[in-house]
Amino acid sequence: MWLIHRAKRLAKLSNVNSLKARCKCDVPSTRLKDKIKNGPDLKYFITSSNGISEPVEPTRIPYLPDNINFSTARRKVYFDVYGCQMNLNDIEIVWSILKKEGFERTEIEEEADIFLVMTCAIREGAENKIWYRLDHLRGFKRRRANSKKKDSPVKIGILGCMAERLKEKLIEKEKAVDVVAGPDSYRDLPRLLAQTDSGQTAVNVLLSLDETYADVVPVRLNQDSVSAFISIMRGCDNMCTYCIVPFTRGRERSRAAASVVDEVRQLAEQGVREVTLLGQNVNSYRDVTQPANLTHTKLAEGFKTVYKSKKGGLRFADLLDQVSSVDPEMRIRFTAAHPKDFPDEVLQVISERPNICKMLHLPAQSGSSAVLERMRRGYTREAYLRLVDHVKARIPEVGLSTDMICGFCGETENEFQETLSLMDLVDYNVAFLFPYSMREKTAAFRRYTDDVPDHIKKDRHNRMMELYRKKCQILNDKEVGNTHLVLVEGIDKKTGRFMGRNEFYLKVVFDEVELPCGEGRREVKPGDYVSVRIDEARLSVLKGTALRVTSIGEFYRDLGWADRKLLRN
Ligand code: SAH
Ligand code: SF4
Ligand code: F3S
């Protein structure tokens, strides 16, 4: 409800802003009244509620002042992306929307007319990187204004989570910024950019209740890549007390399963061999446009949720089932999954499908029940450890990754020790470790004190890193002599060797250029699955000998997994 109020208020604000812009453009006042009357209503900002947003006709741009020259043709856009994988996918959505409007893309700064920076607000450090980049872009803009090309001034647009967090303040603080667009307003970008043609700044930071960009087919920035990201949901309702994401990305909403499956199919046809399904909490996925398919268990003992579970609809296990059935040779990954919501149905599908990577991201955040309570994570240390045991029992070959925060409000040395002991117990293959960074608006900001001094946060961070490195090296060493299924991505820039990823997303490099394939031999190419015997293990890279070109089906059949469902088919 608060979001609807807020959207109404913001819709009002946005109209006010655009009116101000028109006044400066000398639009006669009678026309102005018409335009207010014919301007966009709330529906324009909050799209339909059937799970699929209505496409906005590209040529109809509501209430765009007549004297704005909407000249998109040949305008070259340079993209910068910061933050998480969702941002990588979002920039492809943005590019799809702009391309349709006639914009061009450049990877050369000097050629650019527009810089669009996709931003992250998760920690202060993430935002500092962006301020630093903005310093550079401001200088670039100034140089262009004083050069021979001064008639085509550079525009700077800030998109994504930092845009949503700071809103108009971004322009107040950084005068060089022309456009501020939050994560749910990318369809509006052509209009916002057009507004800057008359020297105005343009802001749209409205959050939507159901925008999923389901009908926008992302245009991949790297067409040669063998892997792709697909956002299956947006927003987050979890409200972990430390986290800014619910404020920057808005309410949780899922994209219709049919559109996800279609996109996987299209990507498979384009030769993509691996997709990663993205969401802040993929296991709370719910396509409410569909009737329920499977029966589901309740939250496991020791887990609770801050919001009411949705009723009916297709759930994540159903989606995984459908997505992994599109092409048994397409690898499926997903991230992030919240530990509170891991029903057996999901584990079942993962365990029986050879093309779903047996790597689960189970972000613990802390090993102390008291800290977890303050973080409002909805589970205790014991419940988390029980879940890990359960997952390992259901999928014995599983790999685990985590996110951990140290130095959260009130964290004592003993509580931190519990985080270290959890890391010691669980054996994570991959861990992302962060010192806590207080974010305005969050519950922690309102309720707690950021009282762990920086030098202690730093020290705890170093200790977590040290433990992780030690444990991870031991795990990787155990892989020496084992054979891994590797999806070849291309040539590694550092070593000049072939590089690919194993199931755990660990980099694997090898030298062999030509390999046995079926009855013959052929050169290895990106997109091939190869079996690689591991000879040497480092922390973040395994080196090996490639044995043959293979397939997911063949590899697991050779390993004796023939009793798995897909292989039987
Ligand atoms: N939805 C995902 C994570 C999104 S943010 C999930 O729940 O796993 C990625 C990670 O950033 C979080 O898992 C958390 O470990 C970290 N993070 C979030 N807010 C933070 C903050 N204020 N300070 C430090 N780390 C933070
Ligand atoms: Fe942030 Fe928690 Fe949502 Fe992840 S689940 S995005 S950590 S609020
Ligand atoms: Fe950053 Fe937003 Fe992702 S805050 S981590 S870009 S959801």
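This is a predicted model: local features need pLDDT of at least 70, side-chain atom pairs count only at pLDDT 80 or more; totals for chains, interfaces and linings use all residues.
Local features need pLDDT of at least 70 and side-chain atom pairs count only at pLDDT 80 or more, while totals for chains, interfaces and linings use all residues. Side-chain values use heavy atoms, with hydrogens and water left out.

Q: Which residue forms a salt bridge with aspartate 80?
A: A salt bridge here is a side-chain nitrogen of Lys or Arg within 4 Å of a carboxyl oxygen of Asp or Glu. For aspartate 80, the closest N and O atoms of the pair are 2.6 Å apart. The partner is arginine 133.

Q: Is arginine 133 buried or exposed?
A: Buried means under 20% relative accessible area, exposed over 50%, and partly exposed in between (1.4 Å probe, protein chains only). Arginine 133 comes out at 12% relative accessibility, so this residue counts as buried.

Q: What is the N to O distance in the salt bridge of glutamate 411 and arginine 460?
A: Glutamate 411 is buried, at a relative accessible area of 4%, and arginine 460 is buried too, at 5%. Their side chains meet in a salt bridge, and N to O is 2.9 Å.

Q: How many residues of the shell around ligand 3 are charged?
A: Asp, Glu, Lys and Arg count as charged; Ala, Val, Leu, Ile, Met, Phe, Trp, Tyr, Cys and Pro as nonpolar; the others, Gly among them, as polar. The surrounding residues include Cys84, Asn87 and Arg249. The shell splits into five nonpolar and three polar residues, and the charged ones number one.

How values were computed:
Residues are numbered from 1 along each chain as its sequence is written. Chains are lettered from A and ligands numbered from 1 in the order in which they are written. A residue is near a molecule or strand if one of its heavy atoms lies within 4 Å of it.
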